[in-house]
Amino acid sequence: MNLEEYFARTGYNGSLEKQDLETLTNIFQHHIRAVPFENLSIHCGEKITLGLEHVYNKIVQRKRGGWCMENNQLLGWVLKRLGYDASFLGAFVFNPHQNAYATIMTHLLVKVVIDGKAYIVDGGFGVSYQMWQPMELVSGKDQPQAPGIFRFTEKNAIWYLEKVRRKQYIPNQNFSNSDLLEKKECRKVYMFSLEPRTVEDFHFQCTYLQTSPDSLFTKKSICTLQTTDGFRALIGWTLTETTYNYKENMDLVEFITLEDEEVEKTLKEKFNITLDRKLVPINVKGFYTI
């Protein structure tokens with residue numbers, strides 16, 4: 001495992017001399033635009049494990065993506081190797097269908113401290129809730145980014161992340177009521193405490209999320225990647241391409257339904273992913289929004 005190979009994977013060739021916010025942001029943006037958030041292993045007969053060397057091999061050498069426990073673990077390793085004050089936290093994801101936060105801590109994220117200021121760096125959420133810049137850990141402050149307005153609020157030592165989106169223009173009206181569309185303009189994303197976590201704290205969750213019939217990840221095959229002006233997502237057979245701020249305060253959301261034989265080609269062309277095993281797409285309705 002070496003940093004040069006990681007940066008070749010993400011395409012970052014900027015300076016590494018300063019452990020400052022500008023460098024952190026640049027490294028982070030290269031990661032989210034090169035490494036997909038995806039759970040395809042579950043749907044092509046592979047087991048997801050959290051050993052760092054396995055994660056490195058999968059994402060860097062095999063040019064795959066991963067979910068939060070893989071993406072953010074790798075990001076944390078890179079930042080620590082560069083000399084950043086980086087640590088892991090654990091979050092409980094909001095479920096809009098149940099209107100409640102999960103009771104299991106399933107989301108791993110990274111906290112980075114620079115010059116006494118704490119930032120959250122999360123490269124493992126995907127779709128429209130993927131932050132594009134490190135977020136300062138401060139309560140009640142709107143932090144506008146290309147995807148929308150993100151905001152942390154803190155109450156009784158628990159931190160909450162929410163996002164306000166723009167209006168959406170959907171040319172294909174067949175998808176205007178799709179459960180893949182977020183209906184609310186302001187959406188809760190997750191909650192977390194500042195208690196330091198380790199990767200070992202997530203081994204049970206890693207197994208649960210890829211085996212439980214109640215898990216979103218067993219009900220959906222998901223691959224999403226941030227672009228320079230939005231993001232694309234392949235969920236089951238549905239390809240979504242979103243362009244942020246396509247018109248003033250409006251995002252363009254385009255949907256295409258793929259045939260079976262188009263899925264593999266689309267993964268290669270749109271996400272730069274080539275799978276070793278045959279993917280079996282799945283998209284159980286009512287469990288995912290973008």
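Contact here means heavy atoms within 4.5 Å. Helices (H or I, at least four residues) and strands (E, at least two) are DSSP runs, numbered from the N terminus. This is a predicted model, in which local features need pLDDT of at least 70 and side-chain atom pairs count only at pLDDT 80 or more, while totals for chains, interfaces and linings use all residues. Residues are numbered from 1 along each chain as its sequence is written, and side-chain values use heavy atoms, with hydrogens and water left out.

**View A. Helix α3 against helix α4.**
Two packed helices are described by the angle between their axes and the distance between the axes. Axes are lines fitted to C-alpha atoms, for helices over the stretch in contact, and angles run from 0 to 180 degrees between N-to-C directions. The axes of α3 (residues 52–61) and α4 (residues 68–82) come within 10 Å, crossing at roughly 100 degrees. α3 is therefore roughly perpendicular to α4; angles under 35 degrees count as roughly parallel, over 145 as roughly antiparallel, 65 to 115 as roughly perpendicular and the rest as oblique. On the α3 side the contact involves Leu-52, Val-55, Tyr-56, Lys-58, Ile-59 and Val-60, which meet Glu-70, Asn-71, Gln-73, Leu-74 and Trp-77 of α4. By class, the residues of this contact of α3 with α4 are 7 nonpolar, 2 polar and 2 charged. Ala, Val, Leu, Ile, Met, Phe, Trp, Tyr, Cys and Pro count as nonpolar, Asp, Glu, Lys and Arg as charged, and the others, Gly among them, as polar.

**View B. Buried residues of helix α3.**
Val-55, Tyr-56, Lys-58, Ile-59 and Val-60 of α3 are buried. Buried means under 20% relative accessible area, exposed over 50%, and partly exposed in between (1.4 Å probe, protein chains only). The cover over the buried residues of α3 includes α1 and α4. Just after α3, Lys-63 has a positive phi of about 55 degrees.

**View C. Helix α1 on helix α4.**
α1 (residues 3–10) packs with α4 at an angle of about 125 degrees, and their axes are 11 Å apart. This angle makes α1 oblique to α4. The crossing of α1 past α4 is left-handed; a crossing is left-handed if the near helix is turned anticlockwise from the far one by less than a right angle, and right-handed if clockwise. Leu-3, Tyr-6 and Phe-7 of α1 make the contact with Leu-74, Leu-75, Trp-77, Val-78, Arg-81 and Leu-82 of α4. The residues of the contact of α1 with α4 comprise 8 nonpolar, no polar and 1 charged.

**View D. Helix α2 alongside helix α4.**
The axes of α2 (residues 21–34) and α4 come within 12 Å and cross at roughly 150 degrees. The two helices α2 and α4 are therefore roughly antiparallel to each other. Their crossing is right-handed. Leu-24, Ile-27, Phe-28 and His-31 of α2 form the contact with Asn-71, Leu-74, Leu-75, Leu-79 and Leu-82 of α4. In the contact of α2 with α4 there are 7 nonpolar, 2 polar and no charged residues.

**View E. The open six-stranded sheet.**
The 6 strands of an open sheet follow the order β1-β12-β13-β14-β15-β10, with mixed pairing. β1 (37–38) and β10 (167–169) stand at the edges with a single partner strand each, so one side of each is left without a neighbour in the sheet. Two strands pair if DSSP finds at least two bridges between them. β10 runs parallel to β15 (residues 250–257), to which 3 bridges join it; Lys-167 has Met-250 as its bridge partner in β15. Helix α7 (residues 260–271) lies across β12 (222–226), β13 (230–235), β14 (238–247) and β15, at about 160 degrees to β13.

**View F. Thr-242 in strand β14.**
Thr-242 is found in β14 and is buried, with a relative accessible area of 6%. Leaving aside neighbours within four places in sequence, Thr-242 is in contact with Asp-229, Gly-230, Phe-231, Asp-251, Leu-252 and Val-253.

β8 (residues 148–155) and β9 (residues 158–164) run antiparallel and are joined by 7 bridges; the partner of Ile-149 in β9 is Val-164. Their hairpin has 2 residues between the strands, and Asn-156 takes a positive phi near 55 degrees. β9 also pairs with β11 (residues 186–192) in the antiparallel sense over 6 bridges, where Val-164 has Cys-186 as its bridge partner.
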